[in-house]
Amino acid sequence: MSNIHQSITELVGHTPLVEFKNYEEQLGLQAHLLGKLEYFNPSGSVKDRAALNMILKAEEEGKLKKGDTILDFTSGNTGIATAAFANARGYKYAVVIQPGVSVERTQILKAYGVELLQAGDVPGFMEMLQNGGLSMSRLAVVMNQFAEENGYYYIDQGTNFANPDAHYETTGPEIWEDTDGKVDYVIALVGTGGTLAGLSRYFKEKNKDIQIIGVQPAPQSRKSLDHPEANTIDGVLAFDGVSENAVPVFFDKENLPYDECIDVIAEEAYETGRTLVKSDGVFLGQSAAAAVKAATDIAKRPEANGKNIAIILADNAFKYLSTNIYK
């Protein structure tokens, strides 16, 4: 079958892995920064992989049939990816939007015909946030009850192991193939933790010496009641040094899937994005820019000279034009 006749479900994966040579030269880096350009996926982000895998798994298990409505909680990218595949495979889709997402993400969801819900529309959701904050395991209880009452299928990206499995089965092997197995560091940010968990499992099986680096917003780049106007890194969460309830379900708490966690200040991520778009013409979203900032910090270490640093770049910047990253 020619590519022009392939369905959207056949087009996920093997996104480009490119070296940012001008950026490396400009900063005098001796390591190789290899960016995995996940915005080449059909709906424009790394989340296409998890969204498709979760839908296919639900179909395989008989949990979804044509005309059903899928429900999830999303900060944007997983919602957009799920909307694309839901439309292509004959499902309706309803999402509870995480507060504070970029205007563009909401507009894209509307264009896909998604039913947009707010936290207050789901009984018990606000109480959960007020009593301990967002926890994927506690969220699952609230959302599953809402789904059952409304005849929805809750796809549950936060606890559905088809999420990390997608990266174990596709993202990791693609990086391994494109580098001929010459990978020294792998860097990713965390929302549900699926990407980091799946990649860690794959690469540690290949070579336990590969360093898995998790990246999170620095404390000053997390919105709070005291600092509601703080610049943030959209769509990602803190996972290291947080309460036990906030640790991703996909993480084995006795054997965490990362060797190091790096905190990145939002403004420094934004500056990295602005530098890279001028040096190499690569137009990155906030979390992708934060991942490059963390990779840059690692590349400056003497022990990283000559090493390959694979960086998961979740999406491009077109969903963030209304934010401060390129202003």
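User: At what angle do helix α2 and helix α3 pack in this predicted model?

Analyst: The model is predicted, so local features need pLDDT of at least 70 and side-chain atom pairs count only at pLDDT 80 or more, while totals for chains, interfaces and linings use all residues. Residues are numbered from 1 along each chain as its sequence is written, and side-chain values use heavy atoms, with hydrogens and water left out. The axes of α2 (residues 47–60) and α3 (residues 77–89) are 8 Å apart, axes being lines fitted to C-alpha atoms over the stretch in contact, with angles from 0 to 180 degrees between N-to-C directions. The two helices pack at an angle of about 45 degrees.

User: Is α2 parallel or oblique to α3?

Analyst: Angles under 35 degrees count as roughly parallel, over 145 as roughly antiparallel, 65 to 115 as roughly perpendicular and the rest as oblique. The angle here is about 45 degrees. Therefore α2 is, relative to α3, oblique.

User: Which residues of α3 meet α2?

Analyst: Contact means heavy atoms within 4.5 Å. On the α2 side, the residues include Leu 52, Ile 55 and Glu 59. Their partners in α3 are Asn 77, Thr 78, Ala 81, Thr 82, Phe 85, Ala 86 and Arg 89.

User: How are α3 and α4 oriented to each other, roughly parallel or roughly antiparallel?

Analyst: Helix α4 spans residues 103–111, and its axis comes within 10 Å of that of α3. The axes cross at roughly 15 degrees. The arrangement of α3 and α4 is therefore roughly parallel.

User: Which residues of α4 make the contact with α3?

Analyst: From α3, the contact is made by Asn 77, Gly 79 and Ile 80. Asn 77 also belongs to the α3 residues that meet α2. The α4 residues are Arg 105, Ile 108 and Leu 109.

User: Which backbone nitrogen does the side chain of Glu 104 reach at 2.7 Å?

Analyst: Glu 104 lies in helix α4 and counts as buried (under 20% relative accessible area, exposed being over 50% and partly exposed in between, with a 1.4 Å probe and protein chains only) at 13% relative accessibility. Among the residues that Glu 104 touches are Phe 318, Tyr 320 and Ser 322. The C-alpha atoms of Glu 104 and Ser 322 are separated by 7.4 Å, although the two are 218 residues apart along the chain. The backbone nitrogen reached at 2.7 Å is that of Ser 322.

User: What is the relative accessible area of Ser 135?

Analyst: Ser 135 is placed in the loop between α5 (125–130) and α6 (136–150). Its side chain reaches the backbone oxygen of Asn 245 at 3.2 Å. Ser 135 is buried, with a relative accessible area of 1%.

Note on methods. Helix = DSSP H or I, 4+ residues; strand = E, 2+ residues; numbered from the N terminus. Polar contact = N/O pair within 3.5 Å; in protein donor to acceptor, adjacent residues only side chain to side chain. Lists of a residue's contacts leave out its neighbours within four places in sequence.
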